[in-house]
Amino acid sequence: MSQISVASARYPESLGPGEGKAAHAGHKTGSDFSPTTAPQGNHQPPALNIQADPGLWHWLAAQNISLALTTYQSNRLFLIGRKDEPGRLAVQERLFDKPMGLHWQAETDTLTLGCRYQLWQLANRLPAGQSHEGGDRLYVPRQSWITGDINAHDVAIDREGRLLFVNTDFSCLASLNPDYSFAPIWQPPFISKLVAEDRCHLNGLALQEGEPTWMTACSATDEAAGWRNHRQDGGVVLHIPSNQIVATGLSMPHSPRWYQGKLWLLNSGSGEFGYLDNERFVPVTYAPGFVRGLAFHGDYAIVGLSQLRSTSFGGLSLEQRLAADQQTAQCGLVVIDLNSGQIVHWLQFASLVEELFDLVVIPGTRQPRALGLQDDAIERLVSFPGSNGLVITKPSVHRPGQTPVPVAGLPRPEPAVDSAAPSLLYQRVYHLTPGNLKPYAALLQPGLLQGWASQPPQGELFGLSAAVDGALVGLAIAERTPDGAQLRSLAVLPQWQAQGVAERLLHELQKSMGIPVQSVQLSED
C-alpha cells in the first residue's frame, strides 16, 4: 500500500480496521496534540485519527523535511514531522480562526498564514541545536495584521519582502498598508470594481523569480458570486505582468506554483495535478479528492486533498469519476514522484478533518512545533538578544519526577518552614481548569475530577504549589465564588507530610487570594 500506480489511478479507498497501524500508532489525539474542544459533561471531543503509509516516515527522514498544512474547516494548523522511533510520525495541531493560505520563508524561518480577519506570522525561536519538548523548531506567534474578513486565500512574500495575499472577496491581489485594511496592487482585467462580492473566486498566487506573476480564478465573471455557475470549466490562469488570461477551460483551479521552469497547478474540480504548456493544462496525476495545496521538494510534489462539499463542489467531473470508481473523496495528502508521476506516499485524515487548504515544506527539520494561543505557554516563554533561545519566566507546576527546567528571572525562594527542607519553593499556579489539572490527578483529592466532569466549578480556581528542585510535592486548590472561597483539594506527598507543607500551602493560598478559605477535613494522601 506504500506505492500506488497512477496508471490505474488507485489510492487507498478507506483503510479497514487494523490497516497501517504500524505506520501511525500513536497518531490519535494524545500527548502529541493540543486540546481541541472542551468536553461538555461526560461527552468527550471527537478523536483525531491520522493514517499514513509505512514509508512516509522514511521518506521524510531521507529528504530531511517536515510539513505544515492548514485546514479552515476545522480551524487548525498542523505540523507533521517524525519521532526518533522509525515509523512514528510526530503531529502537532494548533488552533487558529479559519487558517487558509500558508507560506514558509527560508531567510527568516517564519510561517505566515492567512486567517479569518487577520494575517499571522510565526517565527522560529529555537537556536540551532536546541530543542523544546522534543521539537527542533518552535514557531511562536510574533505579530499579526488585522485585515477584516476579506476571505484571504494564498499568501506569499516577494523578493522585496512584501507580504502579499489573494483578497478573494474583493477579487484582487493585495498587500499590507498601515493606514488601511489592505492595499490592492493588481486586479484581473475583467473585474470592473473592487467590492466584497467574490465575483470570480480569485484564489491562487505563484511567484516567479520572487515576483508575483501567476494567479488562478474559478471564472472570468464580473458579478457577485458569478463563479458558482462556472465551476465545471470556467477556471482561468492569469499572467500579471501582461494583464492577460493565459489559460481557460479549467475546473476550479488552485495553488499555482512556479517550479523547475514550469507553472504547476491543481485542476481541483477534476482531481488532477499537472502543469501549463502554453495555453494547455497537462494533467500528470489524478488523486481521489478535491486537490488543493501544493508544495515541492527535490523531485517530489506534495498535494493536499479534501472531501467534497455538496454546496460548492457538487456537479464536478471529480464527483462523477469517484462514483464510477466506487470511491469516496479523501482528505489528506499525497507525495508524487515528478519523474514518474506516481503517488509514492500518502497520509489520510480518517476523522475530524474533512478539508485542507494549503501546505508547505519546512526543510532541515525533524519535528517542528508551535506555540498556540490557547494555553499559558505563550505567556511563559520569552526570548531577547543574548538569551540564547527561550527562557521560562513563569513556569507552571511540574509533574512529580519531571526533570527540572532552568528558570530565569524568578525571585529567590522564600526561607522554608523547616530547615530540613531548604529547597522547598511555594508559588501560585495560574489559569487552572479541570482540563489542565488532569495531569496532576495524583495530587488531587480522590473523586474531584470526576465530580467536576458532571458539575463544573462555579467560580475561579486558585492554586498554590510546593515544589522541590522543580518537582511538585504538594498542591492546594480553592474555588472562589461570590459567596466566598472553599478549599477543594489539599494533598502532599507522603515523604513531605511531616514538614508542615500542608499548613504552609493553606496559609499561602489564603494570602494570595486575600480572603479566608473555608477549610474542610481533607486527607494529605
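The model is predicted, so local features need pLDDT of at least 70 and side-chain atom pairs count only at pLDDT 80 or more, while totals for chains, interfaces and linings use all residues. Residues are numbered from 1 along each chain as its sequence is written, and side-chain values use heavy atoms, with hydrogens and water left out.

In soluble globular proteins, nonpolar side chains tend to be buried together. A nonpolar core here is a set of buried Ala, Val, Leu, Ile, Met, Phe, Trp, Tyr and Cys residues joined through side-chain atoms within 4.5 Å; buried means under 20% relative accessible area, exposed over 50%, and partly exposed in between, with a 1.4 Å probe and protein chains only. The largest such core has 27 residues, and Leu347 and Phe349 touch the most other members. Helix H2 (residues 56-63) gives the most to this core, four residues. Helices (H or I, at least four residues) and strands (E, at least two) are DSSP runs, numbered from the N terminus. A second, separate core of 21 residues includes Leu424, Ala466, Ala478 and Ala502.

Next, look at the lining of the second largest pocket. It is made of 27 residues, and His103, Trp104, Leu207, Arg257 and Trp258 lie nearest the pocket's centre. On a 1 Å grid over the protein atoms alone, a pocket is an open set of points where a 1.4 Å probe fits, with protein on both sides within 12 Å along at least five of seven lines, and lining residues have an atom within 4 Å of a point. Strand E25 (358-363) is one of the strands that each supply at least two lining residues, and the largest share, five residues, comes from E25.

Strand E5 also holds Gln105. Why does Gln105 count as buried? Its relative accessible area is 16%, and the limit for buried is under 20%. The side chains of Gln105 and Thr108 are joined by a polar contact of 2.8 Å, a pair of N or O atoms within 3.5 Å in which, within protein, one must be able to donate a hydrogen and the other to accept it, and residues adjacent in sequence count only if both atoms are side-chain atoms.

Finally, Asn151 sits in the loop between strand E8 (137-146) and strand E9 (152-157). Asn151 counts as buried, at 13% relative accessibility. A polar contact of 3.4 Å links its side chain to that of Asp169.
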